[in-house]
Amino acid sequence: MPLIELKDLVVCYNGTPALAGVSCEIGEGTIGLLGPNGAGKSTLIKTLLGFLRPAKGTVRVFGLEMPGKALQARQRMGYMPERESASPKISAVSFLTYCGRLFGMSRVDAMERTHEVLNYVGLGESRYRNMETYSTGMLQRVKLAQALVHDPKLLFLDEPTNGLDPDGRIEMLNLIGEIASRRGVTVILSSHLLPDVQHVCRRVIMIGAGKVLQDGLVSDLTRAMENRFEVRVRDAEDRYVGLLESAGCACEKLQPSGTLLVRLADGLDERALFEAAMGAETQVRHFRPARHTLEDAFMRAIGKDD
């Protein structure tokens, strides 16, 4: 049985549909909710948590109909909201202990679990300071920790890398991937950042204007392009490109890497790339089949692939 079942789901704000007939099933694993701001991603998460009541359709989580069984379902769900959710005047330890108590833990158990998850997300001695002194990265780690404090089986993450610098973003994504792979938690990651979803998720559900535009495995959506290859050469790049173009190939430079994207002419195979390098008296330093990106798939889904 799938963890989540949606059928003809409609959710409205003041009579205006934010979700307009969403139907899908979600099982275990890492799933990305991808779409631009205002697409309906956060609305879908709040509906799955039982915070919003559908105008039409059905929602089941763990086989429990929402929002009627929301309190029972939430015992097994964690939620990292996009916005800050705690008072800046208390410490991370106090906040997470309070969260544990809300889930029915004794004070001793809540305190023990608090330190366990704060260690897990990498928050050190600063856990005893008031959170008003924390950096954005530290606050994001606290939000992730509170979503894990009761050991959920289903974890919703709403824009978890917001405001993070590049290093902090990669650390957060790696931590999310570890939660899914090593702890066996099903993760639903909502983001408008395509690389974040591609880094973490096995499956992606693309949402636009309140509807599911595309639903599939990342590996399928980022399949190899036919007769297109990424190439870098040691030197003499202009001469190398000239030889390829004279053979009918099309070349363009990818930014910011500077890698060449080569579309082979009909009748040629990848050996032509190495023969051209020999003719230009250079060496191929990088070679691999070019793949579609998640951005390509998303632009196709929203009809902007021209």
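Which residues in H5 meet which residues in H6? In this predicted model, Gln140, Arg141, Leu144 and Leu148 of H5 are in contact with Glu171, Met172, Leu175 and Ile179 of H6. By class, the residues of this contact comprise five nonpolar, one polar and two charged.

**Helix packing**

Two packed helices are described by the angle between their axes and the distance between the axes.

| Helix pair | Angle between axes | Distance between axes |
|---|---|---|
| H3 (residues 92–102) and H4 (residues 107–121) | about 125° | 8 Å |
| H3 and H5 | about 25° | 9 Å |
| H5 (residues 136–148) and H6 (residues 166–183) | about 10° | 11 Å |

Helix H3 packs against H4 at an angle of about 125°. Because angles under 35 degrees count as roughly parallel, over 145 as roughly antiparallel and 65 to 115 as roughly perpendicular, H3 is oblique to H4. The crossing in which H3 passes H4 is right-handed. On the H3 side, the contact is made by Ala92, Val93, Leu96, Thr97, Gly100 and Arg101, and on the H4 side by Arg107, Ala110, Met111, Thr114, His115, Val117 and Leu118. Seven nonpolar, four polar and two charged residues make up this contact of H3 with H4.

Helix H3 also packs with H5, at an angle of about 25°, and H3 is therefore roughly parallel to H5. The crossing of H3 and H5 is right-handed. Here Ala92, Phe95, Leu96 and Cys99 of H3 meet Val142, Ala145 and Gln146 of H5. The contact of H3 with H5 contains six nonpolar residues, one polar residue and no charged residues. Ala92 and Leu96 of H3 take part in the contact with H4 and in the contact with H5.

For H5 and H6, the angle is about 10°, which means that H5 is roughly parallel to H6.

**Domain arrangement**

The protein is divided into domain 1, covering 4–220, and domain 2, covering 223–302. Their C-alpha centres lie 40 Å apart. Domain 1 contributes 13 residues to the contact, and domain 2 contributes eight residues.

The size of an interface is often given as the accessible area lost when the parts come together. Between domain 1 and domain 2, about 830 Å² is buried, with 74% of it on carbon and sulfur atoms. Within domain 1, the residues that lose the most area to domain 2 are Leu194, Met206 and Leu213, which together account for 49% of what that side buries.

**Backbone features**

Most residues other than glycine have a negative phi, and most peptide bonds are trans. Two places in the model depart from these patterns. Phenylalanine 62 is not a glycine, yet its phi is positive, at about 55°. Phenylalanine 62 is placed in the loop between strand S4 (56–61) and S5. The peptide bond from methionine 66 to proline 67 is cis, with omega near 5°. Proline 67 is placed in the loop between strand S5 (64–65) and helix H2 (70–74).

Conventions:
Residues numbered from 1 in each chain as written. Predicted model: local features only at pLDDT ≥ 70, side-chain atom pairs only at ≥ 80, totals over all residues. Heavy atoms only, no water. Axes fitted to C-alpha atoms, helices over the stretch in contact; angles between N-to-C directions. Helix = DSSP H or I, 4+ residues; strand = E, 2+ residues; numbered from the N terminus. Left-handed = near helix turned anticlockwise from the far one by under 90°. Contact = heavy atoms within 4.5 Å. Nonpolar A, V, L, I, M, F, W, Y, C, P; charged D, E, K, R; others polar. Domains from an automatic or database assignment. Buried area = accessible area lost by both parts, 1.4 Å probe.
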